[in-house]
Amino acid sequence: MICCAVAAAPLAWYGLSSVKDSLELAQVPPSLLPSSFTLDNYAGLFLRRPFAAYYLNSIVIAALAALLCTSCASLAAYRLARAPKRFRSRVASFLLILAFFPPIVLVFPVYELVRFAGLVNQPWGLIIPYAALNLPFAVWLLTGYMEQIPYELEEAAAIDGLTAFDTYRKIIMPLAIPALTTAFLLVFIFSWNEFMFALTFMNLESSRTVTVGVATLSGAFAYEIPWGLLAAGIVVSTAPLIAAVAVFQKRIVAGLTAGGVKD
Amino acid sequence: MSIIVPKRMREILWFAPASLLVVLIFVYPILRTLILSFLNLNLETGFQAHFAGLGNFARLLADSRFHSSLKITALFTIVSVVLEFLLGLLLALAVEKLKKGRRTARTFLLIPWTLPTAIIAVLWMWIFNDQYGVINAILLKIGIVDSPLAWLGRPQTAMSTIIMADVWKAFPFVFIVLLAGLQGIPKEMYEAIEIDGGTAWHKFRYVTLPYLLPFIFLALIFRIVQAFAVFDLVYVLTGGGPGGATETVSVYGYYTYMRYLDFGYGGALVVAIVLVLALTAWALYSLLLRKYEMGR
């Protein structure tokens, strides 16, 4: 249980610090428990800094990337799950190798592409790369799940005269909802968290994502580090993720361990 | 034939969207990086591409900043992955024994793993701040130090801070993967050893470890690849400083591309990074998995 405390302590300290007033925050040494209570830091985040825009950007980008990635991956994964084993394992190892490429390999050529397409500072400039970056993982996860859906269901559908696409849409997709949810959630989280591409492709203040917004917050002030804003920013930017973990922990764990469990 | 061709076409359609994404964001950029590595393309050439032959790679061999970043990255990767692995393994073994609270433990530990690394960097930046940080406040109070330490301002403590932040974020991943592995071990195996009068060590050595090996391999390879590519933590916490003491290969590569605008040399740097990473992964694979297959 000590480890749970270790995991939670830094976050708790931030939560507590975010409601301290500026006087108390400037105290040396810092106080552990707040003696003041104020929501000024939260207000400042949205009034003094364009946090509402950051937030909206992050939500739109992460949600659309997760949707695009899961859709493309599920189409491919379905056919892959029904393909000969040799083909399947070849594609799987190809995807695994791609997933191991560090982002620094891709960042500059993708930036060239994004600029060429006129998508710098546009949400699509991140949505498409994020969908692609998470595709190997999503295909891997979904193929494993779809393999377990019995083939007899599709034979019955074929006898009823359903086309392949209808079979996928009406039979396979509803059955794969747990895996689709896991894939969507994890791609959403990974996209929300991504830093290097977001830092590089979005250089206008108004098109930044929350993650880059918080990480570059202290650089926006010349002479002081805005501790109060930072604390509130950390709370606000991580709250949706913590909520997702609390609600969907089982699905997330299933996703993270999918590769191992298959063995 | 007239039937086979359209059927093939239809089959391709299923893969078309995913393939398009992969070609655009993986295949093309990787090829482009390879091309870049053989070009002179920077401010000096007025961003006109000239063929450089192996010039960029020759420069790499003599670049002491690159060598130092490689060493720093290797040190960071080894120390943090070893710590994460040990912590994750011990914790997974402990939590597996729990009757209650397994779920709660998993939820709590999942939180650091799901948070953005860049934001975790900000979090530790404050905790380790010399004046306002809680670490110095505690150390001063207990009396371990008499004046506040500038954690991020000195080469060694800056590296330890970055490693600590990484361990805090990533050991839960090892824990979750290994716990899943432990839960799949049939309990009869342990009972069999008990009947034969085996000790706890025997149980670990002959049941737990062999069963866990594929999970260990999975966790290690993911962690090594990610730790080797570390960027967010360093960029936000120290920017590679003080004096380049924490500059990892990804950070150096990023500066070469985006700050020095030396795209040809950046390409060569990145190719070298991938080669080192591929060699490491291959070595680990042959070491661990071959042993596993022989054990079977």
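Visitor: At what angle do helix 4 (residues 51-81) of chain A and helix 8 (residues 135-146) of chain A pack?

Guide: This is a predicted model. In it, the axes of helix 4 and helix 8 of chain A lie 8 Å apart. The two helices pack at an angle of about 45°.

Visitor: Are helix 4 of chain A and helix 8 of chain A parallel, perpendicular or oblique to each other?

Guide: Angles under 35 degrees count as roughly parallel, and those of 65 to 115 as roughly perpendicular. The packing angle of helix 4 and helix 8 of chain A is about 45°. Helix 4 of chain A and helix 8 of chain A are therefore oblique.

Visitor: Is the crossing of helix 4 and helix 8 of chain A left-handed or right-handed?

Guide: A crossing counts as right-handed if the near helix is turned clockwise from the far one by less than a right angle. For helix 4 and helix 8 of chain A, the crossing is right-handed.

Visitor: How many nonpolar residues does the contact of helix 4 with helix 8 of chain A have?

Guide: On the helix 4 side, the residues include A:Cys69, A:Ala73 and A:Leu80, and among those they meet in helix 8 are A:Leu135, A:Val139 and A:Met146. By class, this contact has no charged residues and three polar ones. The nonpolar residues number 13.

Visitor: Which helix gives the most to the side of domain 1 of chain A that touches domain 2 of chain A?

Guide: Chain A is divided into domain 1 (1-38) and domain 2 (45-261), and seven residues of domain 1 are in contact with six residues of domain 2. Helix 1 (2-17) and helix 2 (22-25) of chain A each supply at least two residues of the domain 1 side. With three residues, the most comes from helix 1 of chain A.

Visitor: Which helix of chain B supplies the largest share of the side that touches chain A?

Guide: The contact takes 65 residues from chain B and 61 residues from chain A. On the chain B side, 52 residues are nonpolar, nine are polar and four are charged. The largest share, 15 residues, comes from helix 1 (residues 4-36) of chain B.

Visitor: Does B:Gly184 count as buried, exposed or partly exposed?

Guide: B:Gly184 is placed in the loop between helix 7 (155-183) and helix 8 (187-195) of chain B. A residue is buried with 20 or more C-beta neighbours within 10 Å and exposed with 12 or fewer. Because B:Gly184 has 14 C-beta neighbours inside 10 Å, B:Gly184 counts as partly exposed.

Note on methods. Residues are numbered from 1 along each chain as its sequence is written. Chains are lettered from A and ligands numbered from 1 in the order in which they are written. This is a predicted model: local features need pLDDT of at least 70, side-chain atom pairs count only at pLDDT 80 or more; totals for chains, interfaces and linings use all residues. Axes are lines fitted to C-alpha atoms, for helices over the stretch in contact, and angles run from 0 to 180 degrees between N-to-C directions. Helices (H or I, at least four residues) and strands (E, at least two) are DSSP runs, numbered from the N terminus. Angles under 35 degrees count as roughly parallel, over 145 as roughly antiparallel, 65 to 115 as roughly perpendicular and the rest as oblique. Two residues are in contact if their C-beta atoms, placed from the backbone, lie within 7 Å. Ala, Val, Leu, Ile, Met, Phe, Trp, Tyr, Cys and Pro count as nonpolar, Asp, Glu, Lys and Arg as charged, and the others, Gly among them, as polar. Domain bounds come from an automatic or database domain assignment.
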